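Here's a quick briefing to read with the model open beside you. Have a look at the structure, then work through the notes by topic.

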Amino acid sequence: MRKVKFRFSRKAFAYPYMIFLLLFVVVPLVIVLINAFLGDDGKLTFDNFIEFFSDASGGLTVLGNSLIIGLVTTLICLVIGYPVAYFLAKYHASSKIFVLLFILPMWVNFLIRTLSTKAIFMALDIKLGMGTIMFGMVYNYLPYMILPLHTTLVSIDHSYIEAAEDLGADRFTVLWKTVLPLSLSGIVSGVTMTFIPAISTFAISEILSSSKIFLFGDSINMYFSKATNSLGVGSVMSFVMLIIVIIANVLMSLTEKKEEVKSAL
Amino acid sequence: MNENIIELRNINKSYSDKPVVKNLSLTIKRGEFVTLLGPSGCGKTTTLRMIAGFEQPTSGKVYFNGEDITELPPHKRALNTVFQRYALFPHLNVFGNIAYGLKLKFVPNGEPYTDKNGNTVQKMRKLTKAEITDKVNAALKMVDLEDYGHRAVNSLSGGQQQRVAIARALVNEPQVLLLDEPLGALDLKMRKDMQIELMQMHEKLGITFVYVTHDQEEALTMSDKIVVMKDGVIQQIGTPTKIYDEPANAFVADFIGESNILSGVMVKDFCVDISGHKFECVDKGFKRNEPIDVIIRPEDIRIVDKNDKQCLVEAEVLTCVFKGDHYQVTALTYGDERNEIIIHDNVQVNCGDVIGIYIKPFDFHIMHKSRIINTLEGKVYDENIVEFCGGRFDCVTSLPADTSVKITVDFDDVELMDDEEDGTIGATIISAIYKGSYWQYIVRTDDYYDFFVDNDYEWTLNDRVGIKIAPDKIVLEPIVKTEEENKENQDA
């Protein structure tokens, strides 16, 4: 009798995830893509695109707002996060506890965090609006900025800083001309990790503005959840979002590549 | 102008209570090439870093041109450093690295004016682009890297990076150049070339060089003055010839070049006894019959016929190795105690030959012993048990428990155990000097007491050993505290 040999290679371990990926990432994406080209009557059409890009329902404006809010959030996170990461890295003896303090909020579900932020604002009688949204965004995404920055800053060889001091650089110049350029890769990944989720966020703006201000993420959420016949426009918007994220990622990796090339030459 | 450019006065430095530099005083003259020499962990780099300003001394003062700069941050000091691993900025190219300091520099703009209070004020300006380019190119030329300005620093070889690091420091025209083991990462040939180049640069520029190295040959080749350090303490300061010919103690002799270090007794002035043989020497001023260390350089020992009237002592040849320009002979002397000595001479001898040895009186270098007995403090723990260095030793005593005692142990009464567990306490070998017939070790216990140990067996540096002492070899003496000390203790 011939034995049937079952070949079990290490590759097999990857199959469950590949199936998962196929079912829950690739297939939905294809569905979104198809939906984007389907009209209300189920026929192939470009109407959805026309509706979105003509800004008939204000989708394009919302996108613009989202991008601006994303940029501002990232900028604020960088401005707050860099000094924090810098000091955490500089006084690293006691920083483990401090780093923990800064990432501790990440352990709490962001919806719960945002809802409690709203409760605090309400209790303080602060009017919900753009300001509160910005606060919520920065609060949520700051750890994603600090962590990569901290990792990069900690790994900077201290002798570079000493060399700069030795050559006549005061503290500020050391920071500006040596530490900052050496931490560029950390800035790039911090910006990526903040900007991309920030532009696609939803719920934060909805909760912290009492549904008065809609961002792109909220709009997509609305188109899909209203159970109206606007799946098509929602799909177009999802698609646009995806393209923006891809562009952002490519841009970031290009900056990093350029750095690598520069230092390798 | 003051002749001394740098002056260190009573510098102490400790890291979390562990002393690294102990009461160090040193003056460096303008234009000198001074080398801080010592094994790793001797505090030489820490000393350099205190001159550069990266470290603050725990106590003591640093003077630069007679001015106290102890508190001055590094960027305000008129000296530049070449770092051990070069520390070239990876985000700048070679030009950018060298120009870094120039771009931050302020120079007088040449038009002093008188302000309303009548003081002459010198306006300062930054260097222009053209000036910076000229200076950088001149610096690149000086280190033979003229066409390398646009290159990224990571693309350069170790030797080239080294040159960029030197150019980056020198372009700022410092009054003192500090070099922290700059040639450590280079291969032997490159190191030799760079030594010559650095010496030429020093001569040409006329500025002061302070150089840190653990390589004794490098120090002897390059320096005007060598500062030998060990355990944060200066052992000797002197010219290379003086350090080599007249080492201050057994450590310096052993660290600088090869040498025979023997134990002896100073019978009287101009007469030393080594293992029962009396030799004429040129040293005086020792106590009668004081135990001393004698250092004899291998090349100062002459091989003569055993019947020659010059012959001072006979020896049996153990090995004879041809070394190119000389033969290296190891021989065992005859006498009360037989000592193994190394001889460099240009006569070939055979194993087993009996030879005569002649040494000029001038070539016996006699030094005080750094310690003749181990003395430390401890406490009687229990009946016939004494506690010191974190261990409890059996001993013979009638003193009651809790008495503070002074403990003395002879060098050859300290037993070393291969296995740390076999000893009463563990320790690390931090120094090993061969003394002709035995090894003298310094072993450091975990609470930093250094035991001197005479032993026949060989251990290597940094070996962990166990320390055992026979109960009858521990000599105890109660410490009688003065009333004042007692009071202090109570207060504490």
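Predicted model: local features only at pLDDT ≥ 70, side-chain atom pairs only at ≥ 80, totals over all residues.

Residues are numbered from 1 along each chain as its sequence is written, chains are lettered from A and ligands numbered from 1 in the order in which they are written, and side-chain values use heavy atoms, with hydrogens and water left out.

**Where chain B meets chain A**

- Chain B puts 22 residues in contact with 21 residues of chain A (contact means heavy atoms within 4.5 Å).
- About 1,900 Å² is buried between the two chains, and carbon and sulfur atoms give 59% of that (buried area is the accessible area, with a 1.4 Å probe, that two parts lose on being put together, summed over both).
- H75(B), H91(B) and Y100(B) supply 31% of the area that chain B buries against chain A, more than any other three residues.
- The rule finds 1 salt bridge across this interface, and E162(A) and R49(B) meet through their side chains in a salt bridge of 2.5 Å, N to O (a side-chain nitrogen of Lys or Arg within 4 Å of a carboxyl oxygen of Asp or Glu).
- On the side of chain B that touches chain A, the elements giving two or more residues are β6 (79-82) and α2 (94-103) (DSSP runs, with helices being H or I of at least four residues and strands E of at least two, numbered from the N terminus).

**Helix α4 of chain B**

- Helix α4 (residues 158-170) is mostly covered, with 12 of its 13 residues buried (under 20% relative accessible area, 1.4 Å probe, protein chains only).
- Among the buried residues are R163(B), V164(B), I166(B), R168(B) and L170(B).
- Those buried residues pack against α7 (158-166) of chain A, and also against β6, α2, α3 (129-142), β11 (176-180) and α5 (188-205) of chain B.

**A buried arginine, R444(B)**

- R444(B) lies in strand β31 (residues 439-445) of chain B.
- R444(B) counts as buried because its relative accessible area is 18%.
- The R444(B) side chain makes a polar contact with the side chain of D231(B) at 2.9 Å (N or O atoms within 3.5 Å; within protein, one must be able to donate a hydrogen and the other to accept it, and residues adjacent in sequence count only if both atoms are side-chain atoms).
- Another polar contact, of 2.9 Å, joins the side chains of R444(B) and D450(B).

Methods:
Buried < 20%, exposed > 50% of the residue type's maximum accessible area, 1.4 Å probe, protein only. Expected span 1.5 Å × (residues − 1).
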